Amino acid sequence: MPLTKLVPDAFGVLTISLVLLLILLGLLCIAYSFYFQSHVRKHGFLQLGYFSGPWIIRIAFILFAICWAVGEILRLSLFRYHRRILSGLDLRWQENVCKWYTVSNLGFAEPCLFLTLMFLLRAPLKMESGGALSGKWNRNTACYILLYCLPMLALQLAVVLSESRLNGGSGSYVNLPPSFTRTYSQVIIDGEEVALCVYPLLSTVILGVFAAVLTAYLFWLGRQILKLVINKRLQKRVYALIFSVSCFLPLRIITLCLSVLTKADKIGFEALSFLAFLSLLCLSVVSICLLVYFPVSDSMALRGLRDVEEEDDRTVTEERSGALLLGPQTDDSLSLRGRRDSRSSSQERYVELSLFLEAEN
C-alpha cells in the first residue's frame, strides 16, 4: 500500500520522540557518572574508586548510541514528504544524505556500539592488577574500538562508492541486483521527485556477519562472567544482557534484510524500518541501564563505607559489590572465610565485576 501523509508522520514523530528519550537517558547517565567520579576523588573513597575504572568507555558507549540515534532521524521519510526540510534540497543532496547515513550508521556508529559493549563485558575478566582501572586501559580500549571498526567502515564505504561498479554500470566488476547496493530510492511525491533512504542488502549482510561474530563472542564472555558471579541478582543482569543482545540484534538484521522486498514508498518498508530501529533502541537502553546506570547507582549505595583502608572492611565491600576474590577453586574459596584465609597468596587477583555491581541492604 502506498504511503499516505499520516503514516510517515506517525512513524517519524514516534521515532523522534524515542530518540529524544534515549538522549535524555544518556545525558543523565553521563552526568551521574561524572558525579560519581568526582565524589570518589573528592571524598577519597579509594575502594569505590576501584569500581569506576571503565567510566570513560561507559560514556563512549552512550555517545555512540546517541550518534546512531541522530543518524536514524536523518533517515526518516518524514522530512522528505510534503515540502518539508529535506524536500527543499537538491535531489543529489538527498541522495548524499542517504549515502552518508549508510556509512555513518551501518559502518561506524553501530559497529562501535557493538564493540564498546563487548569491551565493557570483557573488562571484568581482566586479570592483571589494575588492568581495568587505569586511564591507560581506557585509552587503549578506545583505540582498539576505533581500530577494529575501520574494516567495517571501509567495507561500507566501498559498497557506497562502488555502487555503479557492482550493479552492472560502466566498468563494473559484477552484476548484482540494485537492491544489493542501492542506498536510496527515487519516488514521485506531490509531483516532486525525492530520494528516500533504503538499506543496501550487501551492507546489511556485512553488518550481520559482524554482529554474528560478536554475538558468539558475547556468549563466551557471558559463560566466563557467570562463573564468577555468586549473587543471583547479578546473574539475572548477565542473563538479561545476553538475552537482549541475542534477540534484538538478530531481529534488527532480519528486518533490514526483509526491507529490500518492499518499495521505499510503501507502508511495509516504513514498518520494517521502524521495527529495526526499535530493536536496536531497546538493546541500547537495556545496555545503558545494565552497564552504566546500575553500576554507578550501586557504587553510590556503598559510599557510607568510609573505612575502606582496613582489610576486613575491604573484604566486606568486595563481597557486597560483586568484586570476587579469585583463588584456588576449592570449597573453602566459595565462602567469605575461605577468601580471608587465602588473601595472603601471591596468586590472588581481583576481577572487577562493577559492570554488574550489586549493593545488598
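At what angle do the axes of H4 and helix H8 cross, and within what distance do they come? The axes of H4 and H8 (residues 232–258) cross at roughly 165° and come within 13 Å. This is a predicted model: local features need pLDDT of at least 70, side-chain atom pairs count only at pLDDT 80 or more, and totals for chains, interfaces and linings use all residues. Residues are numbered from 1 along each chain as its sequence is written, and side-chain values use heavy atoms, leaving out hydrogens and water.

Helices (H or I, at least four residues) and strands (E, at least two) are DSSP runs, numbered from the N terminus. Axes are lines fitted to C-alpha atoms, for helices over the stretch in contact, and angles run from 0 to 180 degrees between N-to-C directions. H4 and H8 are therefore roughly antiparallel (over 145 degrees; under 35 is roughly parallel, 65 to 115 roughly perpendicular, the rest oblique). Their crossing is left-handed, meaning that the near helix is turned anticlockwise from the far one by less than a right angle; clockwise would be right-handed.

Which residues make this contact? From H4 come Tyr-101, Leu-106, Glu-110, Phe-114, Leu-117 and Leu-121. H8 supplies Leu-241, Val-245, Leu-249 and Arg-252. Contact means heavy atoms within 4.5 Å. By class, the contact of H4 with H8 has eight nonpolar, no polar and two charged residues. Here Ala, Val, Leu, Ile, Met, Phe, Trp, Tyr, Cys and Pro are nonpolar, Asp, Glu, Lys and Arg are charged, and the others, Gly among them, are polar.

Now turn to H9. H4 (residues 91–122) packs on H9 (residues 267–300) at about 30°, with the axes 12 Å apart. That makes H4 roughly parallel to H9. This crossing, too, is left-handed. Glu-110, Leu-113, Phe-114, Leu-117, Leu-120 and Leu-121 of H4 meet Leu-280, Ser-284, Ser-287 and Leu-291 of H9. The contact of H4 with H9 divides into seven nonpolar, two polar and one charged residues.

The structure holds one disulfide (cysteine sulfur atoms within 2.5 Å). Cys-98 is joined to Cys-197, S to S 2.2 Å. The angle about the S-S bond is -90°, a left-handed link. Cys-98 lies in H4 and Cys-197 in strand S2 (residues 192–197), so the pair ties together parts 99 residues apart in sequence.
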